[in-house]
Structures are given as C-alpha cells and as structure tokens.
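Here's a quick briefing to read alongside the model. Have the sequence and the 3D view open, and hop between the topics as you like.

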Amino acid sequence: MPQNVLSILTFLPLVGAVILLFMKRPQDLPDDHGHGAHSHDEEETPKPAKDPARTAICVVAMLFALLPFLLSLGMFLQFDPGYTANMQGIGRHIQYIEDRSWISIGDMHIRYKMGVDGISILLILLTTFLMVLCVGYSCRTKTRLKEFMVFLLLLETGLIGVFCALDLILFYILWEAMLIPMYFLIGIFGHERRIHAAIKFFLFTFAGSIFMLIAIVATYMIAGTFDILALSDPTNPAGALLRNHDPRALMYLYSAFALAFMIKVPMFPFHTWLPDAHVEAPTAGSAILAGVMLKMGTYGFIRFCLPLFPVQAQQSAGLFITLAVIGIIYASIVAAVQPDAKKLVAYSSVAHLGFVVLGIFSFNRIGLQGALIQNINHGISTPMLFFIVGMLYERRHTREITEFGGLKMVVPFMATMLLLATLSSVAVPFFNGFVGEFTILQGSFISSNGGMITTAFAATGMILSAVYMLWWFQRLMLGPVKHAANRHLPDLSRSEWLVLTPLVVMIFWIGLFSPYWTSKMEVPANSLAEAIGEKWDTSQPQGAILAGAKPVESHEEGVKPETKTEVAPPVNETKPTMDGTPDPNTEQPKPADAKKPKEGARLNTPRNIASSRRTEVSAKW
Amino acid sequence: MVGMSDNLAAILPAIIVMVTGFIVLLGDSCLPAWRNNGKAFNPAVTFVGIAVALFFDMTRMGAKSATAFSGAVVDDPFSRISILLLGVAAILAVLLSTTYLENKKLHHGEYYVLILFSLFGAMLMAGSNDLITLFVSIETLSVALYVLAGFARTEERSEEAALKYFLLGAFAAGFLLYGIALVYGGSYGLSHTGQATTNLTEIGAGLAGSGLGGVTVMFGIGLALMFVGFAFKAALVPFHMWTPDVYQGSPTSVTAYMAALTKIAIFTVILRILSVLTPISSVWLMTAQLLAILTMFGGNILAVTQDNVKRMLAYSSIAHAGYIMAGVVAVGAAEGKFHDLAISSTMFYLFAYTLMTIGSFGVLIWLSRRGRDCQTLGDLKGLVKRDPIGAYTMLVFMLSLGGIPPTMGFMGKLMIFNVLLSAGLTPLALCLGFASIISVYYYLRVVWMMCFMEPDRETITEHATESGGTLFAIGVTVVLSLFFGLAPYLAQTLLAPATSILVR
C-alpha cells in the first residue's frame, strides 16, 4: 500500500466527481407517473434509443465508486487488527498514518492527519460498499442524473474523510462539507416536502456542529494541539493538560461535542430531523444517510467524546443511557403507527441507534463491541429496507402502507428479500442484527451504568421492533392482494438483484460468522474500554462469569498460554499475520506495551453468543 | 524634517488614484476620441490607474513606517495592507461595472471618476493619523458614494437611496465632527506638549501616560460621539437603518463596491483609533462588545424574512460587520502575541468579506446581463437550469458567507473564534455561533431557490450580452474564496504585515 493510501481513498471520489462535471449532461428521461399495473421497469425493457451520455455517466460514476471500494477492501485485508503502538489513547491502534502540516493561524497549527484503526476501517469499508450499491441503484435516476452522481461522489469523499481524520479541524471541515452534497441530494431529488426536510437536516446539524467548532478551538486553547492522538493520550503532555484542566470547563467542552453527535445520531430529543430527511430523500440518499451518516454520530462519541473526555463521559453516562432507552422505546412505538412505509423505517433507525448509544455508554468492552458491530449491522439492514421501499415506490409511486398488501404473491423474490431485511432489523438469531443487539444488551446488563432495569427496558425495544417490523411486513406483503394496481407489479430486475444480493450476503456473513468482523475492531474497542475505565457490575453473577475478562486488567501477571488457544479466530483465511505480530510470550512488563487486550478480550466478544455455533462454523470454513 | 517628496511618497497610491480620476474626468469631457470610445477607455484607464497604485503600494510594503505632513498622515504596513484590500475591491468593482452599466444605459465617465475619488478618500482614511484628515477623507469617500448611490437617476429607488444615504450620512458626519471637536477640547490635558491636539499619535501617547485618569468627561463624550459616527458608516446596529434601502436602491455594481469599500475603510479606521485607545480599553470594550452582539443578531434576524436578495445581502453585510466588530473587540481585549493575531485575523475576515460580498453581488450583476435587473429571490428560482455557472458560483458565496467549509468564510470565522477564545471572550464567541445558525437559514434559502425550485417564468427571452469582465471578476473571487478556504497561507502572508500599527 502506498504511503498516502488514505488520501487517495478519500479523494478518488472527488476526482470522479470532477471528471463527471466535464462530461456531457444526459437528457432527462420522462418522469412516468403511470400508476399501477403497467408501470414497467426500464432495465427490463430498455428504451429504443439509449442515451450514450447516460451510460457514460453511470460507467464513470460506477468506476469511481468501485475503485475506492476495492482500495478500501485491499486496505481492510492488509490491515493488522492486532497492531498496537507504544502509546496510550486512540493512537495505539492507528495504522496507515499520514501527517502533514497544513494551516497555521498564529501559532495554532492545523495538521492534515489521517489514519485508521479497526473501528474506522470497518465504517470506511461500509461506506465504500454502500456507495457502490447506491451508484448502481441510482443509475435509473431519471432527472439530472449527472448532478446526482456528482453529489453522491462528493458525499463519499466527505464520509471517508470523516472516518479517517485524526485532526479535529480536518475532521470538522469534512464533517461540515459533507452536509452540502447531502443537502442537495435531498433538496433536488427528494419528494414533495424535500426543501423543508433538506433545510431542517442542514440547520439541525449545523446548529450542533458550530458549537463543536467553538469547543474544538477551546480544546486547542487548553491543550495546544488538534491532534486527537495526542489529546486522547494521558501520558502525552497535551492529553495530560486536557485531563488536568478545570472539570467544569471540560464538561462544557464535552457537552458541545456530545450535542453535535447527539443530533447526528440522532438521539431522542433531537431526532425530529431524521424522519423528515429520510422520507423525503431519494432512495440512495436515504440509504447513505441511514447507512453511514448516522454512524458519524456514534463514531464521534467513540472517537472523540470518550477518549478525550473520559471523566465527563462517565459522569454523563446516566443521562445518555436514559435518553437512549427513551429513544428506543419512543421511536419503536412511534414507528408502529406510521402510515408511511419509509417513515417507519426511519423511526426504526432512531430505535436501533438508541441501542448503539446504549452500548457505547455501557462503558465496557462488550457494550462497545456490540455498539460497533451494531453500527455495521444497521448500515446493512436499513439501507436494504430503504432500497426495497424505494423499489416499491418506483413501481407504485406511493409509500402508503395501506396501498400495498399481498405482494408476496405478485413479487415473491422481492418479498423474500424484504423478509430477510426485516428479520435482520428485528434481530432474529442467525441474522446480523441479533449479534449486535444481544451483545449490547449483554454489555448494558453487566455494566453498572446500565444494569438490570435499564436493560430490561431496552430489551422491550427488541420486542417492539418485532411488533412494528413484522406487522409492517405483514401489511405490505401478506394477505390478499387488495389493490388491483398491485396485481401486475414486476419482480426484481437484474440490477435490483445486483443491489440486494451483496446486502443479503453481508447479513448472513455477520450473522453467522461475526467473529471475523468483530476481530477487526475488538482490539481498539477493548483499549478504549480500558482507557475510559470499564464499568462492571460485579454484584451480578454475569459480572463474575465475565471476570474471565479481568486478566486483561491484571495483564502484568502475564497471560496464561491456554487462553491463547481460545484466541484463534474461526475465520481467518485472509489474515495470516493476525496472530503473528504481537507475541504475548515475549511480552515485556512495560505498562504501555503490556496492555495486550487481545487475549482476554476474545473471551467476551460476541463469540460468546456464537460459541454454540462455533463447531458448525469452523466445519464450514 | 521630511521633505515634500517624502510627504508625497507616503500617500503615493492615493495620489495616483486621484490623478487617474482627473485624467478620466478630463479625458471623458474634453477629448472627443476618448468620449466616443468611453466604454472602453474609462474602465481601462481606471483599471490601470488602480493597478499602478497597488503596484506602488506593494513595493512599499517592506519599507519603514513613517508619518508625513507633520504627522497628519501615516504610512505603515497596516495602512498599506488596507490600501491593498481597498484597491482589490475597487478593481473587482470596475470589472463588474462595465457591462452592467451598459445594460442599464448608465455608461458615463463620471461613474469611474466617482469610483476613483471615493477610492482616494478611502485610501486616505487608511493612512490618516489625525482626526481632521480622517474627517476630510471620510467625507471625500462619502460624497462620492452619495452620488454613486443615485447614479441610476431615472429610477426612483436609486434616487431614494442617494437621498437617504446623504441625509443620514450628513447626520453621521455631524456626530463625527462634533465628537472630534470635543475630543480636541478634552485632549488638552493629555498631550505631553500641553496643547490640545487632534493628532492620534499624540493622543495615544497622552493616554498611555495618563491612563484612565486623564480621560475627562468631555473627552469621553467626544469619543462616544465619534463612535456613533463610525457606527453609522460601518452600519452597526442600531445605526444601520440606512443600509438596506441604500444597498437595495443603488445600482448593483455600486452596492458591491460600496459594501466592500466602506467596510474595509471604516474598520481600518476603527482598528487604528481603538489601538490608540488601548490604554483605556476598559471603558469601551463592553460597549463595543454590545455593539458587536447587537449587530450580528440584528443583521441576521432581519435578513431572514427578506425576499429581495440585494436587501438580504445588505442585512447580511450588517451581520458581517458584527463579526468583524467581534474581531475588533478581540483586538482590544487580547494582549501580547494574541493582539497581533487578532489584528491579522480581523484583516483576514475583512478580506474574506470583501471577496464574498463582491462575489455575491457580482453574481447578481452577471445574472442581470440580459437587461433585467436580477434582485429578488423569485428571479433566482430554478437558476441552476437556466444558468448553472451563476447558480454554482452563488452557492460558493452563500456557503462562504454562512461560514461553511471548505470556504474562506469558514476559515475567517475559525480565526475569529480563535482570537475571541484566546482573548477570553467566550460569551461573544457563543453569540457568534448562535448568529451563524440564524444566518445559515437565509443563505441556504437562496441556494434552495436556485437549485431546488423550478423556474416559474420564462426569463430567457433576450440574448445575453457578453460580459467577460464580470465573469472574470466572479471567477477570481470564487477561486480565491475556495482556495483561501483550504490553504489560507498565501492570504495570511499577504496580510501579515498589518499587525504593525504605527500609533501603538
């Protein structure tokens, strides 16, 4: 991999967007609002004169979506999940670092600093993966196709950049700049109330982030750097300055950061922009919005709030957990009564991300890993739901749930796909959602932040999700065909198969072989959990069972070799270097180096859940 | 004792501009060959004149600071930077003017003469070190602008703008002059020579010696009245009432010029005078803060409901005056290296403001090239389909004005935040944050009108006139707005000398 692979990855889509700008604008296709039976899929019956400009735009856009995907896939495969540098904070596991001086204002130095660890590389992979599907799906966009692709690619640059950035200002610039293409995607290509939704989306996010900007500058005033590697490291002078500063001031800073991320997630009182934005956005926009952009909020908590302000995060955990649980229950109930198919999915997003926040603020490795894997899960199942709702909308030009019903007879394959996505969203075992939500609940249960009562409330969210999702599915697909217009809907076209199949593969890949995915991010997740001070509720028996994890904290005594056998990941055909790099037997008792979270940590990965299936898994592989 | 040539050298750029003004005036009225080709000659000569002035200004950038005309004029890096900004604004305005004036059938030589004379006044303001010089140069600037505001003399709105601007400007001048008189009287005990003075250096030295104790009531009232005058010129709330009417009524090219030029000139003056008043900063800091907050909220809130883009941009320029005022407050409150940083950051913001204001008015001019004045949000509906260049450049300026990365407006705002926090003015920074949220709404309103709405009437009937100058000016501002947003290094280096204000 070249030295500046992250820059290449980030700016490849931008290059694509610029190339697209200079290409010929294709003719807009007539917007057929032909309701009902004879509305056909253009992929199956191509127009007699296919516009070569359209094809060219699609090919170029696809190329510049595929290239970053392949590049990030290569990075992901080459990436060393066990890599541990000799420092504290986030920097321990950051790889592919790029660091250049960039802007100086007085003696304030903004650096162009990028790098990834297991947490961010998964999100980057998710971004590039979804973007390929979105570009593929959006080739059917009838009007202003070129602009659509340009904005999608610009958005991708922003999204990848946000997940790579290690400098606060660089992060902020990308975080804000990315609003603009999304604003356009919603505003130009959205549905009836698109302008309202677009402006609401923009204002909400901007209102949160402008105070984050002030907090970023204030953080600089305290610690003298924007580099989050230094800021998150208590042994670094900058990190020490930040930690020893007046706790009240730090609380304000933390709140400013947290507010920006809460709005982005979105958490309960700030979630109102999301249903609007989701419903009004075009399908690909909703998919990216739900799949990746919301993850920026949870990623922000994990990457900035927790490592930079661990004490404040601990203090506010109660509030965040309460809001998360309220969000889960409230959004689930509201989702159940939505007449609009897309809005229901949007509210389900709020509930799912409530789970993620619950996992994060459980403050233990189980909760964190669950949150991270649930991030990815939600990024797969929800875009799939949006894609299918989008396909239904294209066929019928309505999203009213009552307009459908009995579609299983008409479009059996689509119904199957929707069922898979629904079950994934409901978190049924064997599907990916289960891995994440169960781990989160487990983490919250054994955490003294969460505890039994909280977890019990949160767990009702799982039941409620079954209620609203299954009912939704039933109303859309089961029963008799109520409307004549639905009798002759075409089933999935070739391109739709191409979009949905990879998502189904991912659902089962994560659902059945989750250790492969969790192993990528468990090392940074465990380090983070340690750094912020894990919360175990030792009064509960689960805490005792999981005391097996304790050796990690008492790591100086050395790790028993027999735990090592547990370590071998069940699926590791792609990473031979995995276990070779950090050798626990030659481990020095140096504190920074000795914190090898791998060994003990493996015990509490979601493999606990999958352990019953482990034999089956390894047999297959 | 400095010789006459040294005196003249100190104001060389201003003199060049003035002489160019006379050349254009005489050439246009006396030479038939010139007059017949007026629409080529006038802007060309104006352009060259300003460019030569800027060239001399740049060559003197490294020279030692000096005073001239017995201390009435100062020639320091700060004034040179300010002159540079003024010149850039004027050049951009001239580029924007040509086709626009032709379309409005306003193409007269006097236009350029007035531009040059007002520029002369502004350049003198930047270098004036004496309250009397200051007053005279402000009036030179203002009188030329009064006429320019009414330049579209067949339009009622333009006449109204001119009259309003003139009457209120005269009021402000009265305040200013009365303030100067009182300051002169009150400075009696301050000056080390024991005499009353209007010289800023001497007042500064006196204040540094006496501190707060030397400030008499008369001096204090004088200062307050002077600042009322300045606030009128800078359009700070609550002295902003004239701005929207004048900006809306004036020909758009004049509005672009006026919005940039007066702000640069008046904030140069405010910075200079406040740096004189640093020893007594405790007196005015609170007031200045209050003015800044009122201005940024007042401007932004009033802009939200405007349907006329020129009027909205007028309110937005008021809001930006508030942001710049916040920078000025930081200059007064910061100490040591942060003081210099505050000055350079404020100048950077002024530069950013210049580019984005001229740019956004420039787009309106570009859109008016079909003969119809483009003013309202309705005119912008569905613009992206009719005129993608105009729409997307306008987008950049709106983002820049809203302070959204990756634009220069964002970088400027970041710098202002930086100096505010380093000067310990967190509440002001928070106010700026809140104000920006409001502002984003109406900037984005322009964007959605342009990009999300369908054009509701056919406006493309007449053939568009060629306007290379306009396009060039917009292109330059758009490129610089983006470039300095991501790599402000060059602009920072250019503006860096501004930190040495002689009178300190």
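B:Phe69 is partly exposed, with a relative accessible area of 27% (partly exposed falls between buried, under 20% relative accessible area, and exposed, over 50%, using a 1.4 Å probe and protein chains only). This is a predicted model, in which local features need pLDDT of at least 70 and side-chain atom pairs count only at pLDDT 80 or more, while totals for chains, interfaces and linings use all residues. Residues are numbered from 1 along each chain as its sequence is written, chains are lettered from A and ligands numbered from 1 in the order in which they are written, and side-chain values use heavy atoms, with hydrogens and water left out.

**Backbone geometry**

- Most residues other than glycine have a negative phi, and most peptide bonds are trans.
- B:Phe69 has a positive phi, near 50°, and is found in the loop between β1 (66–68) and β2 of chain B. Helices (H or I, at least four residues) and strands (E, at least two) are DSSP runs numbered from the N terminus.
- A:His397 also has a positive phi, near 55°. This histidine sits in the loop between α15 (365–396) and α16 (407–410) of chain A, and it is buried, with a relative accessible area of 16%.
- B:Val237 and B:Pro238 are joined by a cis peptide bond with omega about 10°. You'll find B:Pro238 in the loop between α10 (217–234) and α11 (242–249) of chain B.
- Another cis peptide bond links B:Pro405 to B:Pro406, with omega about 0°. B:Pro406 belongs to the loop between α18 and α19 (408–422) of chain B.

**Pocket**

- The largest pocket has a volume of about 1300 Å³. On a 1 Å grid over the protein atoms alone, a pocket is an open set of points with protein on both sides within 12 Å along at least five of seven lines, and lining residues have an atom within 4 Å of a point. Grid points are joined across faces, edges and corners, and a volume is the space filled by probe spheres set on the points.
- B:Pro406 turns up again here: along with A:Leu14, A:Leu21, A:Leu154 and B:Leu482, it lies nearest the centre of the largest pocket, out of 36 lining residues.
- Which elements give two or more residues to that lining? They are α1 (5–21), β2 (108–116), α4 (145–164), α5 (168–177) and α6 (179–189) of chain A, plus α18 (388–402) and α21 (468–486) of chain B.
- The lining of the largest pocket splits into 29 nonpolar, four polar and three charged residues. Ala, Val, Leu, Ile, Met, Phe, Trp, Tyr, Cys and Pro count as nonpolar, Asp, Glu, Lys and Arg as charged, and the others, Gly among them, as polar.

**Cavities**

- The structure holds eleven cavities of 30 Å³ or more (a cavity is a set of grid points where a 1.4 Å probe fits but cannot get out).
- The largest cavity has a volume of about 60 Å³, and its lining includes B:Ala10, B:Val73, B:Asp75, B:Ile83 and B:Met123.
- Elements α2 (12–30), β2 (73–75), α5 (77–103) and α6 (109–127) of chain B each supply at least two residues of that lining.
- The lining of the largest cavity comes to nine nonpolar, two polar and one charged residue.

**Core and contacts**

- The largest nonpolar core has 410 residues, and A:Phe301, A:Phe361, A:Trp472, B:Phe230 and B:Phe267 touch the most other members. Such a core is a set of buried Ala, Val, Leu, Ile, Met, Phe, Trp, Tyr and Cys residues joined through side-chain atoms within 4.5 Å.
- Beyond its neighbours within four places in sequence, A:Phe301 is in contact with residues including A:Phe261, A:Met262, A:Phe320 and A:Phe361 (contact means heavy atoms within 4.5 Å).
- B:Phe117 lies in helix α6 of chain B. Not counting residues up to four places away in sequence, B:Phe117 touches B:Met18, B:Gly21, B:Phe22, B:Thr140 and B:Ala144.
- A:Asp107, in the loop between β1 (95–105) and β2 of chain A, is partly exposed, with a relative accessible area of 37%. Leaving out residues up to four places away, A:Asp107 touches A:Tyr220 and B:Lys337.

**Chain A overall**

- Chain A has 27 helices and two strands, and buried residues make up 66% of its 621 residues.
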